[in-house]
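Please work through the following exercises with the sequence and the three-dimensional structure at hand. Each task is followed by a solution in steps.

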Amino acid sequence: MASLRSLVLTLLAASVLGGTATSAHASGGTYTPAQGALFSRPTAAGAGSENVIRDHLIALIDHASPGSSIKVAMYLWRDKAITDALVRAKNRRKVTVQVIMNNSLDSDSQEHFKDLRKRIGTYRPGFTETSWAGECVRTWGCLGTGIHHNKFFLFSRVGKAKDVVVQSSANLTLEERTEFWNNAYTVADSGLYGIYDSYFERLREGVGRVTTPDDDAYTHAVSGRHQLYTTPSAGTTDPISDVLDQIVCSTDPKKPTRIRVAMFKFGLIPVAERLAALKATEGGHCRVRVVYGNFGTNLATVFRMEAILRKGTNLARVCEGLMTVHSKYMTIDTGAGSFEGVTQRKVVFTGSFNYMPYDLRRNDETVLRIDDRKVHDQYVLDFEKGMVARCSKPWWKGDRFATR
């Protein structure tokens with residue numbers, strides 16, 4: 001048992017450090033940013049990895065090349081160390097720093113944002129090439145009538161790498177590190193960088209807007225093995241439901257199709273219904289496993305989600321309290337089944353987007369699709385050896401520690 005526990009801890013450590021990531025420093029002292037997935041665990045799940053994502057971001061900022069640019073889109077900001085690192089980059093290496101924030105009602109976040117804005121400059125329309133910090137209009141996002149919920153960083157050059165994208169589920173707060181499960185994915189991809197940069201510019205145009213957003217900002221763009229979806233989505237478009245509609249379950253019980261969802265807020269009933277339908281496919285073998293934080297505050301939605309997941313999952317876990325899941329990802333392993341007509345695929349969908357109607361129709365959000373077998377396996381390790389191993393069964397499974 002001790003040797004098994006040691007193996008699990010070793011695998012988790014590899015996952016936290018990026019698994020498929022390249023080494024942090026190349027020979028000759030030239031910095032090469034680690035690429036791949038990173039996972040932070042709450043302190044209650046075992047101290048040691050709480051700061052992994054934050055430390056990675058600071059390292060990237062501190063190694064941003066002179067004269068390069070850093071662009072940040074963030075929901076909550078209460079991290080002086082990140083602020084200080086950005087100011088160092090601006091003042092010492094003439095890095096252009098641009099930050100778009102949600103106009104938060106959180107007073108602590110507001111104070112940190114004001115400090116950042118004072119130290120790097122205030123956004124002014126027409127001065128797009130300088131350093132600045134701007135925020136969406138209060139009560140709106142920059143593109144939707146909900147909130148600006150994004151969590152990504154763009155680096156034009158870091159050491160040896162150009163066009164680096166970091167998509168995270170984590171806000172820049174202490175509790176995100178000590179109480180929540182989070183993930184971040186880093187890649188140097190010029191095409192994907194350009195897609196995110198165009199989206200950032202659309203967000204920038206919404207800073208200080210005076211007209212009500214039309215909640216119609218859905219886009220879908222492709223760069224090789226990466227695809228980006230943005231919301232709010234008007235009408236009936238639902239990218240996650242559309243993805244699930246493209247899955248055909250395996251007919252081989254030895255090579256089942258496996259779908260895993262780790263979600264902070266899960267109240268998008270069409271998605272839950274599709275997961276349940278896949279599990280129930282006659283003659284098919286789809287395995288559905290869900291880890292969630294909550295179903296939202298609408299009681300009708302809560303009861304409906306409970307009813308669907310009770311029968312529609314092979315496994316469910318609730319990660320709440322001091323071990324809250326804050327990640328928002330889904331993994332697909334087709335096994336002998338198929339996705340988009342292709343067999344033996346492994347795909348990850350991650351980002352800032354909770355599976356909630358409000359997030360889909362009103363919020364500024366991103367969903368990043370990653371077609372990569374090794375990255376998929378990193379996420380599965382976080383899911384199975386991290387959250388499933390440590391979180392409670394839901395109340396309907398009889399776990400006395402789970403709440404309704």
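The exercises below concern a predicted model and treat a sheet, a helix and a pocket in turn.

**Exercise 1.** Determine the order in which the 8 strands of the open sheet are arranged, and identify the edge strands.

Solution. Step 1: Reading across the open sheet gives the order β8-β9-β19-β18-β15-β11-β12-β13. Step 2: The pairing within this sheet is mixed. Step 3: β8 (219–223) and β13 (315–318) each pair on one side only, and they are the edge strands. Step 4: On average, neighbouring strands are turned by 10° against each other, with direction ignored.

**Exercise 2.** In which sense do β15 and β18 pair, parallel or antiparallel?

Solution. Step 1: In general, the strands of a sheet pair through backbone hydrogen bonds, in either of the two senses. Step 2: Here β15 (residues 328–333) and β18 (residues 346–351) pair in the antiparallel sense, over 4 bridges. Step 3: At the residue level, I332 stands opposite V347 in β18.

**Exercise 3.** Describe the largest pocket and its lining.

Solution. Step 1: The volume of the largest pocket is about 290 Å³. Step 2: Its lining comprises 18 residues, and I147, H149, F264, K265 and N354 lie nearest the centre. Step 3: β11 and α10 (357–361) are the elements that give two or more residues to this lining. Step 4: By class, the lining residues divide into 6 nonpolar, 8 polar and 4 charged.

Terms used
Residues are numbered from 1 along each chain as its sequence is written. This is a predicted model: local features need pLDDT of at least 70, side-chain atom pairs count only at pLDDT 80 or more; totals for chains, interfaces and linings use all residues. Side-chain values use heavy atoms; hydrogens and water are left out. Two strands pair if DSSP finds at least two bridges between them. Axes are lines fitted to C-alpha atoms, for helices over the stretch in contact, and angles run from 0 to 180 degrees between N-to-C directions. On a 1 Å grid over the protein atoms alone, a cavity is a set of points where a 1.4 Å probe fits but cannot get out, and a pocket is an open set with protein on both sides within 12 Å along at least five of seven lines; lining residues have an atom within 4 Å of a point. Grid points are joined across faces, edges and corners, and a volume is the space filled by probe spheres set on the points. Ala, Val, Leu, Ile, Met, Phe, Trp, Tyr, Cys and Pro count as nonpolar, Asp, Glu, Lys and Arg as charged, and the others, Gly among them, as polar.
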